[in-house]
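My notebook is open, and I'm about to look up a few things in this protein.

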Amino acid sequence: MSDPQATSRTAGTLGGRKGIALLVLCAQLFLDSMDVSLMGVALPELKDDLGLSAEQLQWIISGYAVAYGGFLLLGGRAADLFGRRRMFFWGTAVFAVASLAGGFVSDGTLLIISRVIKGVAAAFIAPAALSIIMTTFKEGPERNRAVGIFSLTGASGYAAGLVLSGVLTQLNWRLTFFVPFVIAALVLAAVRYAISPDPLRTGERPGFDAFGALTATGGVLLLVFAVTRAPEVGWGSATTVLSLVTSVALLVAFVIIQSRRAEPLVQLSIFRSRTVSTANIVGLAWACATIGWQFVALLYLQQVLDYNALGAGAAIVPMAAAILITVNFTPRLINRFGLRVPAVAGLLLQGLGILLFLRADESSDYVTVLLPALILHGIGNGLSFPSFNIAGVSGVADEQQGLATSLIQSALQLGGGLGVAVAAAVLATGGDEDGLASYHRAFLAVGIFSLAGALAAGLGLGPAGKPDPDGADAPEAPDAADAADAPKGATGGPAAAPDGSDPAVLEREGA
């Protein structure tokens with residue numbers, strides 16, 4: 001929770017510039033979210049122009065997502081310790097420089113490095129931006145509206161990236177790096193005017209768990225690396241086995257570090273709530289399915305059906321429209337049935353939409369074969385996403401709301417990176433000569449993630465209003481529904497709704 005005096009001081013300093021501050025913060029969140037999906041349509045062009053391997057292609061997506069998710073908790077801690085505007089400013093500066101550099105390089109490894117650096121920068125930007133909103137806008141309707149706009153911006157950014165990627169790639173794939181640079185540069189120029197300076201800190205700074213963040217991120221990166229390399233070098237090879245063993249060791253070390261530190265990056269006690277733990281598992285599975293599907297589907301549209309970049313981006317528009325329409329009805333369903341029913345139904349529909357791509361062949365008709373699958377996928381997204389996001393902050397104390405929201409975001413980003421790695425590994429298993437069969441296996445693999453998420457939601461997400469087995473009360477159905485009016489997108493923003501309900505307010509009001 002924010003300090004009331006700090007809130008008052010910040011709000012007073014900004015005065016009439018609050019709207020500009022929100023615009024600047026939302027512009028950067030839009031950019032962070034857009035960058036997750038922006039590269040999807042550009043992958044075939046990158047492959048042809050730079051001669052990239054399938055492994056390098058998946059790391060262009062996974063590198064950003066894994067770095068974003070792995071450093072997100074550390075980014076939130078850094079904002080609290082070193083200043084929110086400072087972290088937002090320097091994070092945006094690094095993001096801009098990495099975008100510009102990525103647009104000029106012609107080497108696959110350097111391109112991946114630029115994407116990883118952008119992911120790390122985004123991990124420091126997002127929590128700083130949300131914290132600035134929470135301390136700039138007065139608690140109540142004003143803050144609720146601001147958080148609602150911020151959340152909707154994240155959703156819009158992801159959808160816009162899918163479409164804009166086609167437009168920019170049709171002109172030149174390098175624009176997918178240069179355009180984000182221009183937007184980030186404009187945000188950077190406005191930061192000092194729009195956002196108040198950080199208050200001076202007195203006294204000793206709390207601990208900074210950099211080692212915890214590095215072990216967690218290193219463990220996940222090695223896991224993704226092992227899954228990606230295994231089809232080429234073999235699951236029993238020294239490279240694969242060593243990577244997997246080291247990954248497990250680093251993740252175990254992370255848990256040990258968190259359990260022993262006085263000021264851990266993650267308070268492990270938060271996972272005693274079955275609802276919170278399940279929500280993070282579901283979010284991980286949801287992202288594995290969604291982002292993994294995106295990777296495979298966009299390659300299929302361009303490499304098998306010979307869609308151009310613009311056509312591939314436009315083909316995804318109905319799915320984005322289905323998401324936006326469905327989230328407007330989801331609150332009513334949560335209000336009536338609680339969180340479990342829409343979460344399970346949504347994940348099942350999403351999985352069905354993905355598995356319907358098993359019908360696709362070398363000459364699939366868009367209207368009769370692809371469109372129904374896209375619409376079902378979108379409806380499933382719109383049903384499930386608000387449900388597990390609200391579950392992820394249910395029954396959590398005020399002082400842990402920021403941690404709970406960051407955990408969900410981390411699960412989504414890491415799930416996206418892992419899903420792309422699995423999809424790429426399955427695609428590579430059969431080789432180029434396997435053609436359509438490899439795509440079918442990849443669609444099946446990511447579809448299974450969605451079905452696994454549905455199973456987890458059915459077992460672990462109790463009906464709204466029922467006590468959590470570990471003592472934390474789940475949200476009452478009406479409040480949960482209010483919170484779900486407009487969830488964030490697949491990659492950005494807090495777990496809040498379009499009506500502007502923010503997790504901390506919902507918790508105090510009984511959600």
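**Entry 1: Phe 295 and the cores**

Contact here means heavy atoms within 4.5 Å.

A note on the ground rules: residues are numbered from 1 along each chain as its sequence is written, and side-chain values use heavy atoms, with hydrogens and water left out. Since the model is predicted, local features need pLDDT of at least 70 and side-chain atom pairs count only at pLDDT 80 or more, while totals for chains, interfaces and linings use all residues.

Next I looked up the largest nonpolar core, which has 114 residues. A nonpolar core is a set of buried Ala, Val, Leu, Ile, Met, Phe, Trp, Tyr and Cys residues joined through side-chain atoms within 4.5 Å. Buried means under 20% relative accessible area, exposed means over 50%, and partly exposed is in between (1.4 Å probe, protein chains only). The members that touch the most other members are Leu 46, Phe 88, Leu 111, Trp 293, Phe 295, Tyr 300 and Leu 301. Helix 4 (residues 54–82) gives the most to this core, with 13 residues. I also noted a second, separate core of 19 residues, including Trp 286, Ala 343, Ala 456 and Ala 457.

**Entry 2: The whole protein**

How many helices and strands are in the protein? I get 20 helices and zero strands. Both are DSSP runs numbered from the N terminus: helices are H or I with at least four residues, strands E with at least two. Of the 511 residues, 59% count as buried. I also checked contacts between residues at least 6 apart in sequence, and 83% of them join residues at least 24 apart.

Two packed helices are described by the angle between their axes and the distance between the axes. The axes are lines fitted to C-alpha atoms, for helices over the stretch in contact, and angles run from 0 to 180 degrees between N-to-C directions.

Helix 5 (residues 84–104) packs with helix 8 (residues 175–194) at an angle of about 155°, with the axes 8 Å apart. Helix 5 and helix 8 are therefore roughly antiparallel. For the wording: under 35 degrees counts as roughly parallel, over 145 as roughly antiparallel, 65 to 115 as roughly perpendicular and the rest as oblique. Their crossing is left-handed. That word applies if the near helix is turned anticlockwise from the far one by less than a right angle; clockwise is right-handed. Residues of helix 5 in this contact include Phe 88, Phe 89 and Ala 96, and those of helix 8 include Phe 181, Ala 184 and Leu 188. By class, I have 16 nonpolar, four polar and two charged residues. Ala, Val, Leu, Ile, Met, Phe, Trp, Tyr, Cys and Pro count as nonpolar, Asp, Glu, Lys and Arg as charged, and the others, Gly among them, as polar.

Helix 2 (residues 18–38) meets helix 5 too: their axes come within 12 Å and cross at roughly 40°. That makes helix 2 oblique to helix 5. On the helix 5 side, Phe 88, Thr 92 and Phe 95 make the contact, while helix 2 brings Val 24, Leu 25, Gln 28, Leu 31, Asp 32 and Asp 35. This crossing is left-handed.

The axes of helix 13 (residues 317–326) and helix 16 (residues 366–391) come within 7 Å and cross at roughly 35°, in a right-handed crossing. I counted the classes: ten nonpolar, five polar and no charged residues.

Skipping residues up to four places away in sequence, Gly 382 touches Ile 323, Thr 326, Val 327 and Thr 330.

**Entry 3: Two last residues**

Most residues other than glycine have a negative phi. Asp 306 has a positive phi, near 65°. I found Asp 306 in the loop between helix 11 (274–303) and helix 12 (309–315), and at 62% relative accessibility it counts as exposed.

Leu 348 lies in helix 15 (residues 340–355) and is partly exposed, at 43% relative accessible area.
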